[in-house]
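Please read it with the model open.

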Amino acid sequence: MDIKKLTDQHIFNTYKRYPLAIQRAKGSWVWDDHGKKYLDFFSGLAVSGVGHAMPSVVAAIRAQAGKLLHASNLYYTEPAARLAEQLCKRSFADKVFFSNSGSEANECAIKLARRHGWKQGGRHEIIVFENSFHGRTLGALAATAQPKFHEGFGPLPEGFVVAKLNDLRSVERLINAKTTAILIEPIQGEGGIYAARKEFLGGLKNFARQSDLLLMFDEVQCGLGRMGHLFAYHYYGIEPDVLTLAKGLGGGMPIAATLATAKHADLLGPGDHGTTFGGNPVCAAAALAVLKLLTPRLIKNVQAQGDLLLEALRNLVANHESVKEVRGVGFMIGIELTVPGAPFVQAAREQGLLINCTQGNVLRFLPPLAMSNSELQFALRVLKCILQ
Ligand SMILES: Cc1ncc(COP(=O)(O)O)c(C=O)c1O
């Protein structure tokens, strides 16, 4: 069977796929249909952060699948209840709404913000940031301040206004009687690995307090250990009112969550929001196993290895004529080039290392959180080779 041909014939052509059919994966590694192995230095787009097919995650999925695959949200189920409890215990939140993707988690956040403003007499504007990425559904797309993603899809929902990352004055100028919330990725992923500064997030928190705005962090890509802390907001020491998660939460299973304090979560009552598969028992069981794997020890490994990786990369490209900047935090690192990144991605893949390129010229690394030192050294050897 020609997997690539079948895919190209019958699946919407919405992804520019690499010429690689992945057949199995384990830990930090994936294998293609010819048996060639690759270090997944991209963690399946920040999804398989705890590693591919981790035995405890697979066991949890198997056990739950044998018991109950689906019940519907008209009934109570144990995995979702336990997962919500764990997420709340380990965060600022009191309550969780479960959905299936990052976009949906953000849609819920947007509806919370709208409801919050509505209760205050009709405020509806949400401040978002240049270069942000919040997803592809129409609300999340409108919040995504990158015009190239909007082209041909208008009219988009109104009420999103765009400020500049790390520029408090640009935010202050936009706050008015219509503003209800601020939505931000603490570190922009798709936008090219740009981190918010701590003072900036602190300033947003002050604005939110002064004007009764919801401060909403999109941690879909940067949460769950990737920044060397369980949540990105722990890295900054600044608590949001609403936080969204997806990608790494299910260890490969589709599950997303919108976390909020009780005061804000209760803005949505029965019938105000919903999704058929949200909190699916098998996905929730997988996520519970993922949370167990996200131990303080693993997360410390990200801090230590992340610093090592950043320094090693900076040394590696110190005199490279096509490198503009190396930046990032923890295991979310980008190398901005002055030339297109695609040939580097291909060269790395040929040598057994999966990386990606965002914005056309930012090589992006999202390594597995439990990466060993020898795996890190392998990645550095390949990167040295392709960046020479
Ligand atoms: C920060 C952020 N938010 C939201 C999304 C959308 O998530 P999904 O593709 O699961 O809808 C992404 C996806 O890359 C993301 O990086």
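1. The model is predicted. The protein is split into two parts: domain 1 covers 3-53 + 295-386, and domain 2 covers 55-293. Between the C-alpha centres of domain 1 and domain 2 the distance is 25 Å.

2. Where the domains meet, 29 residues of domain 1 are in contact with 24 residues of domain 2. On the side of domain 1 that touches domain 2, the elements giving two or more residues are α2 (43-46), α13 (296-316), β13 (323-329), β14 (332-337) and β17 (362-365). Helix α13 supplies the largest share of that side, with 5 residues.

3. What is the make-up of the side of domain 1 that touches domain 2, in nonpolar, polar and charged residues? Its residues divide into 15 nonpolar, 11 polar and 3 charged.

4. Helix α13 also packs against helix α15 (residues 373-386), at an angle of about 20° and with the axes 11 Å apart. Angles under 35 degrees count as roughly parallel, so α13 is roughly parallel to α15. The crossing of the two helices, α13 and α15, is right-handed.

5. Which residues bring α13 and α15 together? From α13 they are Gln305, Leu308, Leu309, Ala312 and Leu316, and these meet Leu376, Leu380, Leu383 and Lys384 of α15. The residues of this contact of α13 with α15 divide into 7 nonpolar, 1 polar and 1 charged.

Technical notes
Residues numbered from 1 in each chain as written. Predicted model: local features only at pLDDT ≥ 70, side-chain atom pairs only at ≥ 80, totals over all residues. Domains from an automatic or database assignment. Contact = placed C-beta atoms within 7 Å. Helix = DSSP H or I, 4+ residues; strand = E, 2+ residues; numbered from the N terminus. Nonpolar A, V, L, I, M, F, W, Y, C, P; charged D, E, K, R; others polar. Axes fitted to C-alpha atoms, helices over the stretch in contact; angles between N-to-C directions. Parallel < 35°, antiparallel > 145°, perpendicular 65-115°, else oblique. Left-handed = near helix turned anticlockwise from the far one by under 90°.
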